[in-house]
Amino acid sequence: MRKLINSTYITLDGVIENPMWTAPYFDEEAASLAGAQTEAADAMLMGRATYDGFSSVWPNMDESDPTTGAAYFNNVKKYVASTTLSNPTWNNTEVLQGDLVEAVTALKAQEGRNIIQYGFGSVTAQLIRAGLVDEVRFWIHPVLEGGPSLSAPLTDVKGSFDLVDTRVHKSGVIVASYQPKTS
């Protein structure tokens with residue numbers, strides 16, 4: 001069975017939106033980990049807000065430059081959880097139909113590598129509640145951005161996780177990886 005891995009960039013004050021603040025911290029260590037993460041995934045899952053943000057940026061990036069990641073993001077199979085998106089224009093994108101939990105359960109049952117999910121909002125909340133998120137990776141950046149914390153407060157989502165890995169980068173970024181507690 002495929003794993004669903006959530007990978008989220010976050011500031012010390014809990015901001016995840018418009019992560020332009022990550023640029024100064026995206027060094028060789030971060031690029032190596034991000035590359036390993038995408039190499040291990042042959043599909044990407046996102047909500048509408050993440051789709052809108054990614055689809056407005058990645059198609060304009062140079063796919064011939066391997067350091068941009070554009071070749072991966074523009075060509076990987078993408079699944080969007082949305083009740084309002086009907087005609088996605090970004091290459092290789094499919095809108096999930098019907099119940100989100102059923103659709104993601106079916107995706108995870110297919111043959112393939114991991115499914116990567118970026119961002120942390122209402123889609124992630126539904127999938128955590130359903131027990132479908134296999135790992136959460138928070139890329140904690142040493143910045144305070146101000147403004148609303150998390151794009152969708154998860155007031156009704158509760159869960160306990162075990163720390164499975166911690167990487168501290170020279171830039172100050174900490175990548176903390178968690179898996180749901182099994183007991």
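Tutor: The model is predicted, and the description below should be read with that in mind. The largest pocket has a volume of about 1,400 Å³. Its lining is made up of 43 residues, and those closest to the centre are Y9, P19, F54, W58 and Y118. Several elements give two or more residues to this lining: the strands β1, β2 (41–47) and β5 (114–118), together with the helices α1, α2 (48–57), α3 (70–75) and α5 (122–129). By residue class, the lining of the largest pocket divides into 21 nonpolar, 19 polar and three charged residues.

Two of the elements just named lead on to single residues. The loop between β1 (4–11) and α1 holds N18. This residue has a phi near 45°, a positive value in a residue other than glycine. Most residues other than glycine have a negative phi. N18 is exposed, because its relative accessible area is 58% and the cut-off for exposed is over 50%.

Helix α1 itself spans residues 28–39, and Q37 is found in it. Q37 counts as buried because its relative accessibility is 5%, where buried means under 20%. Leaving aside residues up to four places away in sequence, Q37 touches S7, I116, Y118, R137 and W139. Among these contacts is Y118, which is also one of the residues closest to the centre of the largest pocket.

N92 is another residue with a positive phi, near 65°, and is likewise not a glycine. It lies in the loop between β3 (77–81) and β4 (93–95). With a relative accessible area of 32%, N92 is partly exposed.

For comparison, there is also a second largest pocket, with about 180 Å³ of space. Its lining has 14 residues, of which A81, S82, T83, L96 and G98 lie nearest the centre. The helices α4 (100–109) and α5 each supply at least two residues of this lining, and the largest share, three residues, comes from α5. Helix α5 also gives two or more residues to the lining of the largest pocket. The lining of the second largest pocket divides into seven nonpolar residues, six polar and one charged.

Terms used
Residues are numbered from 1 along each chain as its sequence is written. This is a predicted model: local features need pLDDT of at least 70, side-chain atom pairs count only at pLDDT 80 or more; totals for chains, interfaces and linings use all residues. Side-chain values use heavy atoms; hydrogens and water are left out. Helices (H or I, at least four residues) and strands (E, at least two) are DSSP runs, numbered from the N terminus. Buried means under 20% relative accessible area, exposed over 50%, partly exposed in between (1.4 Å probe, protein chains only). Contact means heavy atoms within 4.5 Å. On a 1 Å grid over the protein atoms alone, a cavity is a set of points where a 1.4 Å probe fits but cannot get out, and a pocket is an open set with protein on both sides within 12 Å along at least five of seven lines; lining residues have an atom within 4 Å of a point. Grid points are joined across faces, edges and corners, and a volume is the space filled by probe spheres set on the points. Ala, Val, Leu, Ile, Met, Phe, Trp, Tyr, Cys and Pro count as nonpolar, Asp, Glu, Lys and Arg as charged, and the others, Gly among them, as polar.
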